[in-house]
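Reader: I have a structure to go through with you. Can we take it in short questions and answers?

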Amino acid sequence: MSYALHELTKESRMGAVGTEAAREVRVIDLADFEHRHAEIADQLWDAAVDVGFFQLANHGIALEKVREAFAMTERFFALPDAVKARHPLKKGLNAGWESRAQVRPSTGTPDQKESYQITRPHMEGLWPGEEVLPGFQQTMLAFEAQAWTVAMRVLSCFAVKLGFAREFFTAAHDPSQPDYQSTLRMLHYFAVDPALRDQMGLWRAGAHTDFDCLTLLFQRSGQGGLQLLPGKDMDTQAWTSITPADELITCNIGDMLMRWSDDQLPSNFHRVKNPAAHEYQGARYSLAFFAQANRGTLIETPSGKYPAITAGDFLQQRIAANFKKY
């Protein structure tokens, strides 16, 4: 698979709706993880190579903790914009709040959402105080740590399959280091205005790939819209919808792991479509954890297909490549 597949077609840049296609997004059971590590590694590898997406069951995060994080997310986004604006996004550091600010090359219009990014080393001045949102910082940092643990379990499986030491990626994503750059993103997609639902170019999130190693996405049942499309099938515009479930984590491979695997693991396109007239029109909330190696970590591929590059430089390269034409 060529790394150049991350070029968006004319149709995708125009935000074409496309058609539906049946693809299997496999559910991988992580129960009894230590004893089943080799078996789970095979299952994850097969699912990732197939469509680049899979879902995790029995992942170890209690459902009550997921719901607690969602409740805190709703409380944060319910704050007045003037209050949230006291904690603006720090450019290049993935920390802070922004609203309708992310313009995808695939659409040319702002995603219809607001977000708040938590990246541990860069949060000074970005936390709403206890008097504004009691328990927020403690709750969300604890949830970020739990998401990191799940991500490292999955990445340990890919490490073994790639011939690395089992804890290879754990060391590369060390949260105790000042160049840690994994991010927990809280997302609020706005309720749909019926008058604007069919407006050309408006998307909750336009088609894109993620730049990280691995994305963990927590979704709520009944709040759908996420769709995937393998890059090799981009010309067909035949997208596959992923059904959300409270107890499952939806995962996808990012560009960083695609490169680290010599392109064996595909980082594929995905988007969040606007709901159709017969679908739920209300607000959509999700929580995404982006596992991306510490800035100074050197990305060296098993076969040497690509030259070595630091994770920090790689992310800047991907951002530049994605936006330079549009």
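Reader: Where is Gln 237 found?
Author: This is a predicted model. Strand β9 covers 226–229 and β10 covers 238–241. Gln 237 is found in the loop between β9 and β10.

Reader: What is the phi of Gln 237, and is the residue buried or exposed?
Author: Gln 237 is not a glycine, yet its phi is positive, at about 55 degrees. Buried means under 20% relative accessible area. Gln 237 has 6% relative accessibility, so it counts as buried.

Reader: Is Asp 263 buried or exposed?
Author: Asp 263 sits in the loop between α7 (255–260) and β12 (269–272). Its phi is positive, about 70 degrees, although Asp 263 is not a glycine. Its relative accessibility is 4%, so Asp 263 counts as buried.

Reader: How are α2 and α5 oriented to each other?
Author: Helix α2 spans residues 37–51 and helix α5 spans residues 136–161. Their axes are 9 Å apart, at an angle of about 85 degrees. Angles of 65 to 115 degrees count as roughly perpendicular. Therefore α2 is, relative to α5, roughly perpendicular.

Reader: Which residues in α5 meet α2?
Author: From α2 come His 37, Ile 40, Ala 41, Asp 42, Leu 44, Trp 45 and Ala 48. By class, this contact of α2 with α5 has two charged, two polar and nine nonpolar residues. On the α5 side are Val 154, Ser 156, Cys 157, Phe 158, Val 160 and Lys 161.

Reader: Which residues have the most contacts inside the largest nonpolar core?
Author: The largest nonpolar core has 72 residues. Helix α5 gives the most to this core, with 14 residues. Another core lies apart from it, with twelve residues, including Val 51 and Leu 187. Inside the largest core, the residues with the most contacts are Phe 54, Tyr 116 and Phe 158.

Reader: Which residues form one aromatic cluster with Tyr 116?
Author: Leaving out residues up to four places away in sequence, Tyr 116 touches Gly 96, Trp 97 and Met 123, among others. Its contacts also include Phe 76, Phe 77, Trp 127 and Phe 136. One aromatic cluster is formed by Tyr 116 with Phe 76, Phe 77, Trp 127 and Phe 136.

Reader: What kind of pair do the rings of Trp 127 and Phe 136 make?
Author: The whole structure has 14 aromatic pairs. Trp 127 is buried at 17% relative accessible area, and Phe 136 is buried at 0%. Planes over 60 degrees apart count as edge-to-face. The ring centres of Trp 127 and Phe 136 are 6.0 Å apart and their planes are at 65 degrees, so the pair is edge-to-face.

How values were computed
Residues numbered from 1 in each chain as written. Predicted model: local features only at pLDDT ≥ 70, side-chain atom pairs only at ≥ 80, totals over all residues. Heavy atoms only, no water. Axes fitted to C-alpha atoms, helices over the stretch in contact; angles between N-to-C directions. Helix = DSSP H or I, 4+ residues; strand = E, 2+ residues; numbered from the N terminus. Parallel < 35°, antiparallel > 145°, perpendicular 65-115°, else oblique. Contact = heavy atoms within 4.5 Å. Nonpolar A, V, L, I, M, F, W, Y, C, P; charged D, E, K, R; others polar. Core = buried A, V, L, I, M, F, W, Y, C linked by side-chain atoms within 4.5 Å. Buried < 20%, exposed > 50% of the residue type's maximum accessible area, 1.4 Å probe, protein only. Phe/Tyr/Trp six-rings, centres within 6.5 Å; stacked < 30°, edge-to-face > 60°.
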